Amino acid sequence: MIIANWKMNGMLADAQRWLGEIGAFVQEHSLEHKVMFCPPATLLHSIKEMCAAHHILLAGQDCHTQMQGAQTGALSAQHIHDGGARFVLLGHSECRQRGDDDDTIRTKLNRAHDMNMQGIVCVGENERTRQKGRAIESVMRQLSNLHEPYGIAYEPLWAIGTGKIPSLADINEMHGAIKEQMGTCPIFYGGSVDEKNAANILSLETVDGVLVGGASLEAKRFMEILKAYCHEA
Ligand code: PGA
């Protein structure tokens with residue numbers, strides 16, 4: 001699975017153009033249901049049919065712990081589902097920075113399940129924790145008591161949007177530890193994945209896919225990552 005996280009980027013016309021190009025690529029390379037798109041929530045409803053036609057999975061970027069209520073500016077699992085998403089990213093470090101802790105994320109995952117949606121939970125250590133040799137311990141803590149996530153995205157905080165990635169050995173070690181704790185659920189790597197490093201990362205046996213931020217915005221760059229995935233799959 002290759003996941004495109006657009007974060008707070010892209011307008012409707014951008015998403016339609018991108019889906020046209022990526023959709024054609026998906027068909028040509030038999031990548032049906034292997035690409036997941038996480039656009040800004042305002043676009044969900046307008047693009048859901050295009051995603052379905054191209055067999056691209058549609059996901060929200062977050063949801064609230066409550067299903068409805070007095071929460072100005074927030075979106076619930078119900079809203080994301082109503083928009084057409086059947087998946088939702090949870091616990092992204094940018095959301096953790098805004099206050100989500102492990103408890104919040106567990107509750108959000110339950111709300112997603114209440115709507116029959118699947119959650120992909122992002123975990124990852126900060127740079128200091130890695131330097132102290134405590135990366136695995138910190139990630140294991142984030143994984144505890146998570147109830148049936150669809151997948152886990154390992155995203156070291158210091159690798160997100162920085163152009164830095166861990167060594168392949170470190171990615172492999174972390175993914176191995178996550179697999180041991182989580183059983184069969186797929187594990188994705190995220191953090192500065194681009195068209196140059198994707199093939200190496202995807203060649204690791206413990207890596208089931210990648211979560212791509214910046215390099216997913218341009219269809220051309222994202223297609224290079226999809227090509228790497230085709231070679232490794
Ligand atoms: P990046 O973002 O690929 O731009 O580093 C990844 C993410 O935050 O999901």
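Is S138 buried or exposed in this structure? At 9% relative accessibility S138 counts as buried, where buried means under 20% relative accessible area, exposed means over 50%, and partly exposed lies in between, all with a 1.4 Å probe and protein chains only. The structure is a predicted model, in which local features need pLDDT of at least 70 and side-chain atom pairs count only at pLDDT 80 or more, while totals for chains, interfaces and linings use all residues. Residues are numbered from 1 along each chain as its sequence is written, and side-chain values use heavy atoms, with hydrogens and water left out.

S138 belongs to helix α7, which covers residues 135-143; helices (H or I, at least four residues) and strands (E, at least two) are DSSP runs, numbered from the N terminus. Apart from its neighbours within four places in sequence, S138 is in contact with E125 and T129, contact being defined as heavy atoms within 4.5 Å.

Helix α2, residues 44-53, has L44, I47 and C51 among its buried residues. They lie on the same side of α2, because they cover an arc of only 80° around the axis, an arc being that of the directions from the helix axis to the C-beta atoms. The exposed residues H45, E49, A52 and A53 are carried by the face of α2 that is turned away from its buried side. The buried residues of α2 pack against α1 (12-28), β2 (35-38), β3 (57-60) and α3 (77-83). Just after α2, H55 takes a positive phi of about 60°.

G20, in helix α1, is partly exposed, with a relative accessible area of 31%. Not counting residues up to four places away in sequence, G20 touches M50 and H54. G20 and L146 are 126 residues apart along the chain, and their C-alpha atoms are separated by 36 Å.

**The ligand and S192**

The ligand is surrounded by 13 residues, of which the closest are K7, H92, E155, G161 and S192; a residue is near a molecule or strand if one of its heavy atoms lies within 4 Å of it.

| Residue | Atom of the residue | Distance to a ligand oxygen atom |
|---|---|---|
| E155 | polar side-chain atom | 2.7 Å |
| S192 | backbone N or O atom | 2.8 Å |
| G213 | polar backbone atom | 2.9 Å |

Taken alone the ligand exposes 280 Å², and the protein buries 95% of that; accessible areas come from the Shrake-Rupley method with a 1.4 Å probe, and for residues only the protein chains shown count as cover.

S192 sits in the loop between β7 (187-190) and α9 (198-202), and with a relative accessible area of 16% S192 is buried. A polar atom of the side chain of S192 lies 2.6 Å from the backbone oxygen of A159. Leaving aside neighbours within four places in sequence, the residues in contact with S192 include A159, I160, G161, T162 and N197.

**Cysteines**

How many disulfides does a search of the whole structure find? The search finds zero disulfides, a disulfide being a pair of cysteine sulfur atoms within 2.5 Å. C122 is in no disulfide, and the nearest cysteine sulfur, that of C95, is 8.0 Å away. C122 counts as buried, at 2% relative accessibility. For C230 the closest cysteine sulfur is in C51, and the 18 Å between the two sulfurs is too far for a bond. C230 is partly exposed, with a relative accessible area of 25%.

**Residues in other loops**

N116 is not a glycine, yet has a positive phi of about 60°. N116 is found in the loop between α5 (102-114) and β5 (118-123) and is exposed, with a relative accessible area of 68%. E148, also a residue other than glycine, has a positive phi near 45°; E148 is found in the loop between α7 and β6 (151-154) and counts as exposed at 58% relative accessibility.

L217 lies in the loop between β8 (209-212) and α10 (219-232) and counts as partly exposed at 35% relative accessibility. Not counting residues up to four places away in sequence, L217 touches W6, N9 and W18.

Key
Polar contact = N/O pair within 3.5 Å; in protein donor to acceptor, adjacent residues only side chain to side chain.
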